[in-house]
Structure formats: C-alpha cells, structure tokens
Amino acid sequence: MNNRSVHVIAFLCAVSGLALFFYKAYRLGFPLTADTDRTVWTIEASLRFDARPGPIKAELKVPALTSGFTTLSENSVSGGYGFNLDYADGGRLARWAVRSADGEQRLYYRVVVYADPSVEEVDTTPPFPDIPALDEPLRTAAVVLMEEVREQSADTDTLVAELLTRVNDPTPGPNVELLFDGLSGSLRRTQRLIELLAFARVPARPLRGVLLADEQRHAPVRTYLEVHNGVNWSVYNPRTARLGLPSNFYPWWRGVDALADVQGGNALDLNFAVRRSQVDSLDVVAQRSVAQGSIALDFSLFGLPIQTQAVYAVLLMVPIGALVMVVLRNFVGLQTFGSFMPLLIAISFRETDLLAGFVLFSLLTSLGLAIRFGLEKLRLLLVPRLTAVLIIVVILMLVISILAHRLGLETGLSVALFPMVIIAMTIERMSVIWEERGAADAIKAGVGSLTVAAFAYLVMGIDALEHLIFTFPELLLVVLAIVLLSGRYTGYRLLELPRFAALEKSR
Amino acid sequence: MRLWGFALNRAGVLGINERNAGYIMPLNPRRLYPRVDDKVRTKALAREAGMAVPELYFVARSQADALRLPDALSAHASFVVKPANGSGGDGILVVDGRYGEHYRLISGDLMSETALLHHVSNIVSGQYSLTGGADSALVEYRVQFDQVFDAISFQGVPDVRIIVYRGYPAMAMVRLPTRSSGGKANLHQGAVGAGVDIASGLTLGAVSGNDRVTMHPDTLNEIDGNQVPHWDKLLEIAALGYDVSELGYLGVDMVIDRDLGPLMLEMNARPGLNIQIANGAGLKPRFAAIDQHLASIPFEADPAARAAGRRELILRLVAPASVSMMG
C-alpha cells in the first residue's frame, strides 16, 4: 500500500461519510444539535351538533395542499362513528357516519403540523371562469367597475391591487357601494370579489384557514383571496390588499362552501382550536418519516430498542476517544501502557467523573502496586501472580466502596465500574516496568496513560459531539479517513522536538 | 506530511513515525522478525553464517527445563541469563561468579538459587516476551570485556551498536554502562551512548538520556577520541547481519571479548533513534547516500566489501558532519 492508495481510500471514506451526513442533515432534516426543539402546532376542528333520530352523516372539509407546513400526523376522535378521508375538489373530506346516536355529539379532527418553508405543493392551472350571472343593477355596476379597473392596470397583479384598493376605499364609489352593500364577513366579501374578477376572466378562489399563533381555543377562520395570474397563484388579503400570506397562516380549505355539514343532526357548530408545543427535532423526523414511509429512520440507530440505543451512545464515542489517542500518541508522542488501555480507563471515567475517576484509579493502582511488590517476594509464577493481583484489585474495590459509603462519598461506589482486569494488567505492566526500567519510566507511562485517558474522556464527553455521532454514525467514516491518513504521518512527534533539539543546533 | 520540526528535517533527523512508516514497514517484512526476536534462533542462524557469537550453555524452554538449570551450569562460574524474546535488555541477568550457595551478580549483589530459578521461570512464562506468550530462557557465555573501555565505562559490558541500512553500515555508537544502568548497556536504563565515527572508529560526543554529555558520569573521563578496537571486523559483522536477517533496517549489537574479539550479541528490527543524538547527526542523509550508492552499483554480496565500501560513502556525504562534530 503506498501513500496514494491510502489517500484514495481515505478520500472515499470521507466523501461517502460526508455525503450521507449532508443528505441526512439537510434533506431529511436530522437535527445537527441535540437541543433543537421544533415548534409543533396541533389544530383541532371540533364538530358539535344535536343528534336527530336515524342515521347521521357528518362531513368536514380538511386540508390537502398546505404550502409551508409539513404534516406530522392526523387523526380523528369520534366514539362509535365510522371515519374515512377522501380527496375532493379544493381539499379533502373527512366523513363520519353512524347508524344512530343520542343527544349532543362531538367529533374531532386533529392535525399536527410544523412550519417547513421548503414544502411547496404543486397546484394546477385553473380554466378561465365563466362570466357569473348577476342580477341587474349589480351586473351593470360590476361591468363598469371592472372596466375602470382594467383601464387603470397593466396585468393581473395590478388589476387585483387596483380592485382591492377601490373596494377597501373608506369612501367607495357608487358602484362598489352597490356591489358590497350588506355584505358582511370576509368570506362573503371575498366571494363577491371572485365574481368581479370573473368579469375580467381572472380565476380566483377563497383560501380559508387559521393563524397559528399562541393558544387559541376559538380560532377564527380567516379568508384570503387567491388569484391566478396565468403562471401561479398569488394570495391577497382582501381587507388590506397586501400580497402574500402571513407565514403562520395554515391553509385549511379552498372554496366558498360551508366547512362542515351534517345530515341527521341540528345546531351544527364548528370550532377550531390551536395549540402550540415544543417537540424534540428527532421526534419530528421520526414521526415524519413514519408518515412518509421513509426508510432512512428504519436503518438508523433510532430504529433500535431504547436500551440498545443507550449502549451505542457509548460505543459510538469509542472511535472518537481512539482518535484522540492516535493524536496524542502519534502526533504528540505520549507514552502509554498498551494501545487501548487509556481508552478503557476513559470509558470508566464516564461513570465516575473525571476527578473521582482520577483519584480512584490512582488509589487503586498504587495500592495494587504496593501489594504487587509484596507478592514479588513470594516468587509466584506469572499466571497465578496475575490472578492474585486481580483478586486483590477486586478486594480493594470492595474496601474502597464500603469505606466511601461509610464516609458518605457516593462516588466511591462507582469504583466498581472500573474494569478490574484492566487495572490488574496495568498494575502488572507497571510493576515490571518499575523493576526493569525504574520508577521514573513507570510513572511516566502511568501519567501518559492517565493524560490520554483524561483527554479522551473530555472529548468523548462533549454532548454536541455525542449527539452528532449518534445521529450521524456515518461520520465514523470521516474519523476512519483521518485515522488512515495519520497512519501515514511520517513527520516528527511533538515530544521529539525537544528530544532532538541538540541536533538542530549542531547544524 | 509534516506539521512541525522543519529544522530537524533539514538536519536529516529520523523521527519515530517516519522510522516506522518509511523504513521499518517497507524494509523489514514481518515474517523476518522471528529471526532477530528469538535469540536462540538468531544465534543458530549467525553460527551458520560464520558469525562469532557467545557460546550457548543452556536453553530452558519449559518450567521443567528450568529446574535442570543448576546442573547444566555447574561447569560455568560466570554466565548470562536472558529471555529469548526479550526487548530492550529487560530480564537479562549477568552472573559473575559464585559465593557459597549464592550466585554473585555483576552489580555485586548475591542471588539465591531459588531466586535465580524464579527469574528463569518468569522468563519462560513470558513476562519479558515481546508478544506476552511463552518464551525460552537462554544461558550463554559471559563476555570477558576488553580493558579498552575501562576508562569510560562502569562495570558491565560496553557494546557496539551499528545501524545497517540495506546491508551497509550507516551509523554506529558504543553504549557504555554506568552505575545507574546497573552494568547494562541499554540507553533507556541509564547507559551512556557515544557516537562512533564510522570511517575511523573513533568515539565522538555522547548522549545520556536525551542530553549530550562529554564525559562518563562515573569515571569522569573524556568520552571523545577513543579508538574502538577491531573496527573493521565490527563493521564486517554488522554487514553480515544483513545476510543473516535480511532486514533492510537493522541494528546489530556486538561486544568485544578480551580473548575472542568481536561477538555478535543480538540484532534488532526496530533500533532506537538516540544513536542520532550520540552522533550529533541525522540518519536520513546517510540512508540517502547508501540509496544513491546502490543505484549506481549492483549490491555487493561480500559483507567485507560492503563494510569497506562505507569509507567511500562516508567520505562522500557523512564525514564533513563528523569532522565538524569532532572539532
């Protein structure tokens, strides 16, 4: 393997890891940080009516096209009623039916959405509308008004603007006054505007919906005017003539008909309620991918049982700790016991905290070391001696835990979480180095191991990093790429600079 | 890729990462390691090639063998015990003579027979083994060292380490035991390393730990300017080490026996880098010179020719640095 193939493999790893990462982060909307909550709105339409004898059929118009919002879930609460959803002109129809019912009835349709500017629903181009049949003198007033408006405009957009300006003028002209006389409520006014636009052969429709703001137990249904300018639909506020929808407007239905209808019931009342809640972004992604039938989540860690997820949350950080170790060993040049022991110490630090871990680890190793030197005098064979050290380590752990508990130090209990075999091996390695190369070397390697462990622990403890790796495990490919590259690093280790400093000067 | 140490790189200093990735990996195939890691095997291979080595008295391959040790050694007053797969001089015991029931170590300490057997049993169970697996303990002739180094060593046996690159001697040093090294000639145990001018065999400045020193810490004599005896023979043995081991990046450790002359003690597939400090020079320009030499002529099969060829090499590139060091 030459440098080139290492570079190519590292490049491929990094690119595939990053590509998957960006796809998930920006296409699928996986959250980059742990604490990104999304504002989620629950819109609840409730139908109330009194049942008459006989079968009941209730109908509610519900949204289909909702630009700017993504639907997380929708459901209906309706005890005893059959329920189905159908597509219909202008949206969808929710239908409830029951053979018989008594007294006051309540039916609920609930939809959970969140704002998502990337959502754009495609809409069809409508045919030109027919000239509506209006009675005289309204018909003449409409023709004259639209003639004037047409003359003072250049295209559809300016035509609508001009019309709305005239209609909303505090002192309207006689034609406008005649046409809008007695029309109260924005729905009926909008209906009249649509009729007027039809005289100019401009397709228009009312857009009705609710504003998502705060908690509203009785959210008013607002009406906007949607006009097709030949290319796309633009929305006007019929009162203020302003173009565009407020971003928090949730479009419910397009059309003039009543939103709800019931057969076999009286005194129908429709109410909208809006509730805001904060939901973890990941839940949003999870719910949405269920709603969309996407497999991205099925093949992510979030598809695993919670307990398994907890294990992987720790496991996935091990490569990060290993990366830290690679840097400290190959780029800085710290000496450690074994290759992976510092990493294992770092993992056990996670359970004990850094300071307590440091103290407990040093305490255990030094006590174990003292006893190990005692054992040396007994001249035991290697494996029995290692086993003896192991048993003593376990006893020491026990003693430390009990003592700490007696003293009221709860962290002392976590000593049991240290991998005892690792400690036994450390004691053995350290004692051999101690004897053969002196205390200085043994302590140097011990300090090096603890330093690497501390750094690895600190880096593995960065919450943002943990979230990132857990949500985007493909980033491990990037880590792999870095490790592969550092495997071909032939430059000096940082600690070699002082070591060879004399040579630098002699030149 | 290089992040720092540009001045060191200009001086041609070899770092650990580059040694591992740039020299050991391409030049020393893993399968050849047992030839140098197992000292019993090294000794056998070396004898076959006609290399002078200390005589092997006994090999303990199992705990049962260990018990037969005292009988096998009854004929020898002094000997050395070492692990066959040890590294860096760990686990080596030098016995100087006997005192009643006890063995006298070179440091002057006495050791009981039980203690000696325990040490051997530790070696056999793999305590000093590079791989941690079972090992053998070998007992061999204890070198009667030449008086020449008396002025600049304390107890123990000074040894000569020569780095052989692709069969050509590239850099050399003498490792001088000190009081703190306990008579051992390993730098990390406290021995002093003195660079040796490879062309002449004269000692240059020295290194203790990572620091440059001019005099021996125990005898307080100047280290510079001592002639290493049998220099040509030493270079030849080193060059022959390549034929025995086939390792392209090799450290050959030799001692000079009072009666037998230069003996090869062991070979090392991962020789340390402190030799550069002892010589006040980097290894890389020398390797480059050898590469250049090998590009112009075919490989010389005769180790003596390779050993002699070094003068030409050294004069071409390396000598100026050594000269400036001596001055």
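**Figure 1. The loop around Ile131(A).** In this predicted model, Ile131(A) sits in the loop that runs between E6 and helix H2 (138–151) of chain A; helices (H or I, at least four residues) and strands (E, at least two) are DSSP runs, numbered from the N terminus. Buried or exposed, or in between: which is Ile131(A)? Ile131(A) counts as partly exposed because 14 other C-beta atoms lie within 10 Å. On this scale a residue is buried with 20 or more other C-beta atoms within 10 Å of its own, exposed with 12 or fewer, and partly exposed in between, with C-beta atoms placed from the backbone. Leaving aside residues up to four places away in sequence, Ile131(A) touches Ala198(A) and Phe199(A), where a contact means C-beta atoms, placed from the backbone, within 7 Å. Leu197(A) is 66 residues from Ile131(A) along the chain, yet their C-alpha atoms are separated by 9.1 Å.

A word on the model: residues are numbered from 1 along each chain as its sequence is written, and chains are lettered from A and ligands numbered from 1 in the order in which they are written. As this is a predicted model, local features need pLDDT of at least 70 and side-chain atom pairs count only at pLDDT 80 or more, while totals for chains, interfaces and linings use all residues.

**Figure 2. An open four-stranded sheet in chain A.** The strands line up as E3-E6-E1-E12, with antiparallel pairing; two strands pair if DSSP finds at least two bridges between them. Strand E3 (69–77) and strand E12 (265–280) of chain A are the edges, each pairing on one side only. From one strand to the next, the twist averages 15°, using lines fitted to C-alpha atoms as axes and angles from 0 to 180 degrees between N-to-C directions. Inside the sheet, strand E1 (residues 37–51) and strand E6 (residues 104–115) of chain A share 11 bridges in the antiparallel sense. Look for Ser46(A), which stands opposite Tyr108(A) in E6(A).

**Figure 3. Where chain B meets chain A.** The contact draws 32 residues from chain B and 24 residues from chain A. On the chain B side, helix H1 (6–10), helix H2 (16–27), helix H7 (113–124) and helix H9 (275–279) each supply at least two residues. H2(B) gives the largest share of that side, five residues. By type, the chain B side splits into 10 nonpolar, 17 polar and five charged residues; Ala, Val, Leu, Ile, Met, Phe, Trp, Tyr, Cys and Pro count as nonpolar, Asp, Glu, Lys and Arg as charged, and the others, Gly among them, as polar. Zooming in on H2(B), Ile16(B), Asn17(B), Glu18(B) and Tyr23(B) are buried. The buried residues of H2(B) pack against helix H8 (318–332) and helix H16 (496–499) of chain A, along with strand E12 (249–257) of chain B. For the complex, the predictor gives an ipTM of 0.75 and a pTM of 0.66.

**Figure 4. The largest nonpolar core.** This core has 68 residues, of which Val164(B) and Ala194(B) touch the most other members; a nonpolar core is a set of buried Ala, Val, Leu, Ile, Met, Phe, Trp, Tyr and Cys residues joined through C-beta atoms within 7 Å. Helix H8 (residues 231–245) of chain B is the top contributor to the core, giving nine residues. Not counting residues up to four places away in sequence, the contacts of Val164(B) include Ala238(B), Ala239(B), Tyr242(B) and Leu250(B).

Technical notes:
Two residues are in contact if their C-beta atoms, placed from the backbone, lie within 7 Å.
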